[in-house]
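The following questions and answers concern a structure that is shown below. Please consult it alongside each reply.

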Amino acid sequence: MPKLRMTGRGLWITALIVPPLAFVALFVVYPIISAFAYAFFDWQGLKRGAFVGLDNFHTVLFVEPYRSWTLNAFKNNIIVFFALMVLQNGLGFILAYALWRELPGARFHRIAVFLPVVLSTIIVAYLFKLFYHPLFGVVNITLRNVGLGWMAQPWLGQSGTALWSIIAAQAWHMVGFPTLVFLAGMQRIPGEILDAVRMETESEWVKISKIVWPLVAPSATIVFTLLFVGAFNWFELPYIMGGLDGSPFGSTDVLGLYFYRTAFGNVSAGQQDFGLGSALAVLIFLFIAVIASVITVRLRAREIQI
Amino acid sequence: MKTNLIRIGAALGAVLLAAPTMAQELTMWSWRQEDKAAYEGFIKSFEAANPGITVKFETFEATNYNTILSTALAGGTGPDLAMVRAYGGLENVASAGYLEPLSTETVPALSGFNPAALAAETMRSDGKVYAVPFASQTQFVIYNKAIFDANGLEEPQSWADLEALAQKLKDAGVIPFANGTATAWQNETVTFGLGSSLMTKGFYEDLMAGKADFTDERFTSALGAVAEVAAQYFPDGFIGLDYPSAQQLFSSGMAGMFVGGSYELANFKNQNPDIELGMFAAPGKTAEDEKLVALYFDGGYGVNAAGSNKEAAIKFVNYLASPEFGQAFANTLNNISTVPGVTFDNPLLAEVAELNQHSIPYLMLAHFRYGEPSGSVLIQGEMQKLFAGETTPEAIGETLTTGLAAWYEPFKK
């Protein structure tokens, strides 16, 4: 039997692998597992109480007022996901196509479209908060100046407009990302295929639907999955623009805010409950993990290899 | 992700605190970053009088302070002393047994404190005081004296007076009230800063005695009156106006009044040193009704039950309860100290202290933030609905009463 000896090469590999593995285990795997564990206990402040089984899950899903809070936040996340699918990914695809076709000014726009992505979310959030200011905001002032004063709104203060205003800010901020990914995908399409199409038809629509769209499918898989994960983990923009409570009255509440508020409390309104917060975190994690896997598998199957 | 951050924070905290401590070196934690220099001054005078004990004052970010503190206390790396919040926020830390109960034996000066202040730092389950209360805050109406003078206005005596003077300001092209309600907690401030006198002390007493709930006409009619004033005299689109914008409207002199807390006074002075501030308790229905401000206590100084220098910590807490400290606190930090017998040099503070003579507690914070849904969560969201015209005062009364019944015993049927 050969002796198991650490050779120089083996040592070297071990030395390279162990630190990152330990890092991931300590800061990723361990917190996830401990959040799972926390969710099964009753908590008094930060003191762990009795084991309560699935009680916390039951509470956040079926007991009022948590039930309606959970449903409301979840509903808003779904709205955010579909809205951004259109505004961010849909627009991103169109922009990418326009850039790829090298319409006039493409060089400038390639940078302009991507620039907001580089900005910090905090900056974007405060910027748009100023834009939406009911008295001095650019949006309302512009509307008033062009004679559309009746359309001026307290954008972030109404249940009907608040969430959409934040979604618009998010779409503006991140539209450059899917654009870039789609553009990269389009640039990978071999010239021969495009030449072949040109022989057959002049129609842009046929070109997009029959050639470009199927061939950028890998890019679509990436941006769809990332958007899904991002939409259900959404936190920064609504936190700054709507506040921890999803102001006004829960219209901008999303699972991220709701989880944070429940687990860590809210100085100006409520108390913390680690057990319920962990239960929420586990549910959000499971939901995202399962659906994201399904999306990835389904979309992968659709991809075409050239 | 969030748990990750907390973990890293806790780990870093643990590393920092693992530094060897001398026998009589105390650490004190606080969320008042802006007060650090002042506290270091107080600590110097304590150290001069108590040789051999040194106190290190460390501050943490305010919104996550409770989490940071309880994480450290749970991990056994907490400070010897800590500023703790009041009411439900105190219970959060105290109920886990992290804080040393204080009594008149260990801190004799407590016997002279206002019972309401002590109640704010008392845990309901065992009736013990867990911290020396440090400051009170008052919710009322702050006004710009120059604007009032220029328009020949005086502090209102009745609700009709208040509406009349707001109308005068509006006619003169001044925004009567600067407040906006896009920031959730501002709804609570506006409701009780304007509505406490309308609600009346009688309602408060009946509520506490279990003889009334929030469907009481005195309470709901106050909400209706507040909403009416907001609709007419708050800035255009106030439901979309956030807290900092509202503060700026007032401090820049664009608005005549601001419904807010005594904590705003120093803030307004900082933003605009020339502003001349006045304040009044929003009036009741008639001039004869008692004018009430809404009063609450900010927090207190607690002692770590597992601290290694408990004796020295108790000594320091005794200093924090002394008139000498209270006076220095009031003079330096321009806050209403809860220590009995403190006098206020600052005329604004003196006025606040005067108004505090007629008060009811800031209701939701003082009594309804002990369970979920808290009264604060409910009133903030419901008032936003009322301002948007999506509910009625009577419906709010119902929602509050049935919502709180989830954990508030007297409302359980």
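Q: In which loop is Pro248(A) found?
A: This is a predicted model, in which local features need pLDDT of at least 70 and side-chain atom pairs count only at pLDDT 80 or more, while totals for chains, interfaces and linings use all residues. Residues are numbered from 1 along each chain as its sequence is written, and chains are lettered from A and ligands numbered from 1 in the order in which they are written. A cis peptide bond, with omega of about -5 degrees, joins Ser247(A) and Pro248(A). With helices (H or I, at least four residues) and strands (E, at least two) taken as DSSP runs numbered from the N terminus, Pro248(A) is found in the loop between helix 12 (236-241) and helix 13 (255-264) of chain A.

Q: Is Phe249(A) buried or exposed?
A: Phe249(A) is in the loop between helix 12 and helix 13 of chain A and, although not a glycine, has a positive phi of about 30 degrees. A residue is buried if 20 or more other C-beta atoms lie within 10 Å of its own, exposed if 12 or fewer, and partly exposed in between, with C-beta atoms placed from the backbone. Phe249(A) has 24 C-beta neighbours inside 10 Å, so Phe249(A) counts as buried.

Q: Is Glu102(A) buried or exposed?
A: Glu102(A) is found in the loop between helix 3 and helix 4 (106-118) of chain A. Its phi is positive, at about 55 degrees, although Glu102(A) is not a glycine. Because 10 other C-beta atoms lie within 10 Å, Glu102(A) is exposed.

Q: Which loop of chain B holds Pro373(B)?
A: Glu372(B) and Pro373(B) are joined by a cis peptide bond, with omega of about -5 degrees. Pro373(B) lies in the loop between helix 15 (363-367) and helix 16 of chain B.

Q: Which helix gives the largest share of the side of chain B that touches chain A?
A: Two residues are in contact if their C-beta atoms, placed from the backbone, lie within 7 Å. The contact takes 39 residues from chain B and 34 residues from chain A. Elements that give two or more residues to the side of chain B include helix 1 (2-17), helix 8 (184-208) and helix 16 (375-387) of chain B. The largest share, six residues, comes from helix 16 of chain B.

Q: How far apart in space are Ala330(B) and Leu349(B), C-alpha to C-alpha?
A: Ala330(B) is found in helix 13 (residues 323-333) of chain B. Not counting residues up to four places away in sequence, Ala330(B) touches Leu349(B) and Phe344(B), among others. Ala330(B) and Leu349(B) are 19 residues apart in sequence, and their C-alpha distance is 8.5 Å.

Q: What is the mean pLDDT of chain B?
A: pLDDT is the predictor's confidence in each residue, from 0 to 100. It stays under 50 over residues 15-22 of chain B. In chain B, 94% of the residues reach 70 or more, and the mean pLDDT is 88.
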